[in-house]
Amino acid sequence: MITLLPLFVACGGGTWVVDTWGEDYIETGIPADTFEDGCSVVFTTFEVEIAQADLIDGDDEVAGSVPTGRFDLVEPGPQVVGETVVTAKHYDTARFAIAPVDGDSVRVAGALTCGAASVDFDWSFDASTTYECEPAELTVPAGGEAGTQLTVHGDHLFYDGLENDDAVVRGQAIVDADGDADGVVTLAELQAVDVAPLGYSVGQFSEVTDLGAFVEHLSRTIGHVDGEGHCAVQF
Ligand SMILES: [Ca+2]
């Protein structure tokens, strides 16, 4: 009997481990050479509320769920979200939700610098976003473990397009949005700025007409899988 237990485990399942990471852009900052207009940003807070982290079987069944929680990605990572035992096999889909649990879903704070001008920001978003992700190669081995990473891309908050592949990272419009010139750009100040004169592209999202709505939309595009892997979002 003593030898049967490990055999059973080996045949039945393996461990799926989920972590999350904001990479250098969130931990250290986004350098000026990444911005089309020479700005740069340093984050002091980049919190995401991971409300769901599921491994999906081929027939759209949830094969396993890991415990979730709130993570500040400014802290050096990757940070482990959780793990669960699932049937050992190949999987092609992981589903994550960044959504409010007890407060907002995403909070980003930091400082944006463009030339001699610098502004602070502290923005909270409360959208619920489900990311349907395609890990490049995910096979959970019997008796072993395999991992999936919810990789968060901080630079996406500063894209100048909502869906075009040639969108670039810009900051000047956000610095310029500081209407009362107090050195802090609020979401309300972003909402007072029309995006059309900025040359920003909204693509099919014609309801996005101000810079606040634009950045909020971008806050729902930050989730990726295993680095640069693709996740689909239904808006
Ligand atoms: Ca202000």
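This is a short talk on how one protein model is put together.

Hi everyone. What you see is a predicted model, in which local features need pLDDT of at least 70, side-chain atom pairs count only at pLDDT 80 or more, and totals for chains, interfaces and linings use all residues. Residues are numbered from 1 along each chain as its sequence is written.

Let's begin with the overall picture. The protein has five helices and 15 strands; these are DSSP runs numbered from the N terminus, with helices being H or I of at least four residues and strands being E of at least two. Along the principal axes, the C-alpha atoms fill a box of roughly 75 × 35 × 35 Å. Of the 235 residues, 37% count as buried, meaning that 20 or more other C-beta atoms, placed from the backbone, lie within 10 Å of the residue's own.

Now to an open sheet. Four strands form it in the order S5-S1-S12-S14, with mixed pairing. Two strands pair if DSSP finds at least two bridges between them. Strands S5 (79-87) and S14 (223-225) stand at the edges with a single partner strand each, so one side of each is left without a neighbour in the sheet. From one strand to the next, the twist averages 25°, using lines fitted to C-alpha atoms as axes and angles from 0 to 180 degrees between N-to-C directions. Strand S1 (residues 13-21) runs antiparallel to S5, joined by eight bridges. For threonine 20, the bridge partner in S5 is glutamine 79.

Next, the inside. The largest nonpolar core has 59 residues, of which Ile50, Phe96 and Leu211 touch the most other members. Such a core is a set of buried Ala, Val, Leu, Ile, Met, Phe, Trp, Tyr and Cys residues joined through C-beta atoms within 7 Å. Strand S2 (residues 40-56) gives the most to this core, with seven residues. Leaving out residues up to four places away in sequence, phenylalanine 96 touches Ile50, Gln52, Ala53, Tyr131, Cys133, Leu150 and Gly223; a contact here has C-beta atoms, placed from the backbone, within 7 Å.

Finally, meet strand S10 (residues 129-133). Which residues make up its covered face? They are Thr129, Tyr131 and Cys133, while Thr130 and Glu132 form the uncovered one. Strand S7 (residues 93-98) runs antiparallel to S10, with five bridges joining them, and arginine 95 stands opposite glutamate 132. S10 also pairs with strand S15 (residues 231-233), antiparallel over three bridges, where tyrosine 131 has valine 233 as its bridge partner.

Note on methods: A residue is buried if 20 or more other C-beta atoms lie within 10 Å of its own, exposed if 12 or fewer, and partly exposed in between; C-beta atoms are placed from the backbone. Two residues are in contact if their C-beta atoms, placed from the backbone, lie within 7 Å.
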